[in-house]
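Thanks for coming, everyone. Let me put the structure up, and we'll walk through chain B together.

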Amino acid sequence: MGAIVKLLKALNSDASPWQLAWGFTLGMVMGLTPMLGLHSVILLFVVLFFRVNLSAFLLAWALFSLFALALGSVMAGVGESILSNQSLVPFWTQLYSTTLGQLSQFYHTLTLGSLVFSLICSPVLLIASKILVVQYRAKVMVWVNKIKLVQFIKGTNFYRLYQALGE
Amino acid sequence: MKNIIRWPGLIAFFVVVGLISALVILFLDFWIKLAAQKGLEAATGAEVNISQVEHTFSPFGVSFIGVQLTDPKSPSTNQLEAQVISANIELSPLLLRKVIIDQLTMTGVQFGTTRNSAGQVYRQPDDSESVSSSLFPDAKDLPSVDEVLAKSPLKTTKAIETTQQAYEQHKDKLSEQYANLPSKDKLSDYKKRIEVLSKTDYKNPADLLAAKEEFEKLKQEIKADKAVFNEFKESLQTAKQDLGPKLAQLKAAPGQDYEQLKSLVAGDAGAISDVTTMVFGETAGEWSGYALAALDILAPMLKNKEQQQQEVVIAEGRWISFGDTSGLPELWIKQADISLSWQQEQILSTWQDITYQHDIIGRPTVFKVDSSASSLWQSLKLNGDFWLKDSGINAQQKWQLAGLKLQDISLVEQDKLSSKLLKGLLSSNGEIKVNQNAVSGDAAINLAELAMQATGENKLTRIIAQTLNQMQQLQINTNVAGAIGDLDLSFSSDLNKQLGSALLANIGKEEQGKLDELKQKLDSQMQGALGTQDSQYSEWLDWEKLVDGDMNSLEDMLNAKMTGALDKKKDELKDKLKGKLFGN
């Protein structure tokens, strides 16, 4: 719940739309792929080290973890077809014999399949979520702020107190 | 750049990673225990308990203390229990998801121990009938003679069948050939024609030449008929050679059947034929179980592990192995020392190359037990190997046990019979082979210096008990068949024979009546069949005599009479010629 509130606050703040969009996208990758793996550590590093919106990341992570349950077979099938592709076998064989390759766990059908699947979806989600944030701020947020009830609530002491506690 | 990078995030990253690492290391024993339990449960199909886990980092090793593997066939007992299992594991192959154990040590290993509470079974094993479920029948309802005859594979019946088959096989051919033999009239016609030719007074050489030509023609006809006789005689000889021994067998069969069946009529067929299994089967099965533990427990466990690797849920993904240069199997225990506890004695076994991917390492798993004299046995030697292939398990095992002291072993505890082995010496040797999961082999179990205590509750079981109490030694032959994980053991001994004699020695009026009835029925069966076959056989012998006479007659016609007549005529012509030349 806290993540949703913070996300709404971020949406309504002057946080960069790209920060929010990257948060959604990286959260999606984190949610769709198995948690144990080198890719998760790298994702965590990227999310924490770069100015990615954490609320968007956490929310997308939780949301896409649910999607992962339904899409498991499809993504494992993607991994299976990539790993069993004869032209790629020499590459995987070479990777399999290295420590980095073993740590990557890319010879696990679901790990590779889900990562490839989420990376393919990433540009679409990144651009779509950026557009949606901009559109939200331009249309929905302006429309919401114009509603008299909202103006009234914002003007109350209770709202000011809530804002102060939230910061 | 400053807008992109969040420096406090870097600290947060290290804090999060550090915390996770600390959690893993602090609770490493717990994670190892969890993983080991899950892995072993998947392999055995039943609950696995591990009391405690300890680890060392340098060299990397793990010790499991108090390990119990529930027997899925009997959840209240452990298939295997070990006090301590220690393993030194190579770390670098672990990154390749390969468990390479340089040295494994198992101490305090026991089979079939009782669990504190029944373990859970996740995969139901195939049901196999226990020999102990058999119950001894009452002797009061003796089987009828007809029942015994119907149930028993009789030599008399078989001999009747084979004799009939042999007779049917030759009958038609011989009858047809006999019918086609030259008639008596034809033979006497030959005789007459030869007489005419031989007695005619030939006036000139031309007549003689014509007579000779006619004789040659006649000779050809006689030869052709003789060939028909020869052919018939050959067929007759073949039939005699075939049917003769079978008839002799038929005559002897009732006597043999009577000897075999008389103990069954006096007692009970089922009880006597299987008494070795009923009295010793369960215990001998347990002993065999120890000897075959390596193949019957470990091999299926390893095979399950392999299948488990293959049969993963698609949605969870699967690990695909690519031909890496290291050529290592997924699991490889290079050397293992396993110490088995049995009645305060320790049996040390050594193992090499335990794996389920023998094709990768190119050699089988080899195991060996060589235990010198102890307070319980004189010597125990066991060695074997197994190789797991895609097509199944190939294995072999030999063992030699001498002078194992047995004491106070309960053999049977049933309402009608209870028996206990007070003391004895057990020796056993045997060999089994496994070819693509199919097991075959034999074992001999020798029991010497026996002292048994048995009691029976009815006439039959009292006789069994008496026989057991008098027994001082016994050899049980065990036949091992079936498949790995589902061994089928069968037992035989001379106990059945001893028991049959004992039953006959205690025969009553009713049983004697039945025995007489049995003898009479067997004899009448044989006589019924023999009557027909014997008369047919006699007919064949008569045919042979007749044919012999005719053939002699033909032979005489061909050789003696015509030759003499021609010579006489030649001499006459010679004399005439001399007279004309010299004027006599």
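UniProt, in an unreviewed entry, lists residues 7-32 of chain B as "transmembrane region". Keep in mind that this is a predicted model. What does the chain do over residues 7-32 of chain B? There, the chain is 96% helix and 0% strand. The C-alpha atoms at its ends are 36 Å apart.

Now to some strands. Strand 7 of chain B covers residues 365-371, and strand 8 of chain B covers residues 379-389. The two pair in the antiparallel sense, over 7 bridges. For one of the partners, look at Asp370(B): its bridge partner in strand 8 of chain B is Lys381(B).

Strand 8 of chain B also pairs with strand 9 of chain B, residues 392-413. That pairing is antiparallel too, over 11 bridges. Here, Trp387(B) has Asn394(B) in strand 9 of chain B as its bridge partner. How many residues lie between strand 8 and strand 9 of chain B in their hairpin? There are 2.

Next, the nonpolar cores. The largest one has 76 residues. Which residues have the most contacts inside it? They are Phe64(B), Phe280(B) and Leu468(B). Strand 9 of chain B gives this core its largest share, 9 residues.

Zoom in on Leu468(B). Beyond its neighbours within four places in sequence, Leu468(B) is in contact with Val279(B), Phe280(B), Ser419(B), Met452(B), Ala454(B) and Leu495(B).

There is also a second, separate core, with 33 residues. Leu181(B), Leu187(B), Ile222(B) and Met526(B) are among them.

Conventions. Residues numbered from 1 in each chain as written. Chains lettered and ligands numbered in written order. Predicted model: local features only at pLDDT ≥ 70, side-chain atom pairs only at ≥ 80, totals over all residues. Heavy atoms only, no water. Pairing = 2+ DSSP bridges. Helix = DSSP H or I, 4+ residues; strand = E, 2+ residues; numbered from the N terminus. Core = buried A, V, L, I, M, F, W, Y, C linked by side-chain atoms within 4.5 Å. Buried < 20%, exposed > 50% of the residue type's maximum accessible area, 1.4 Å probe, protein only. Contact = heavy atoms within 4.5 Å. UniProt positions renumbered as here; feature names shortened; annotations may be inferred.
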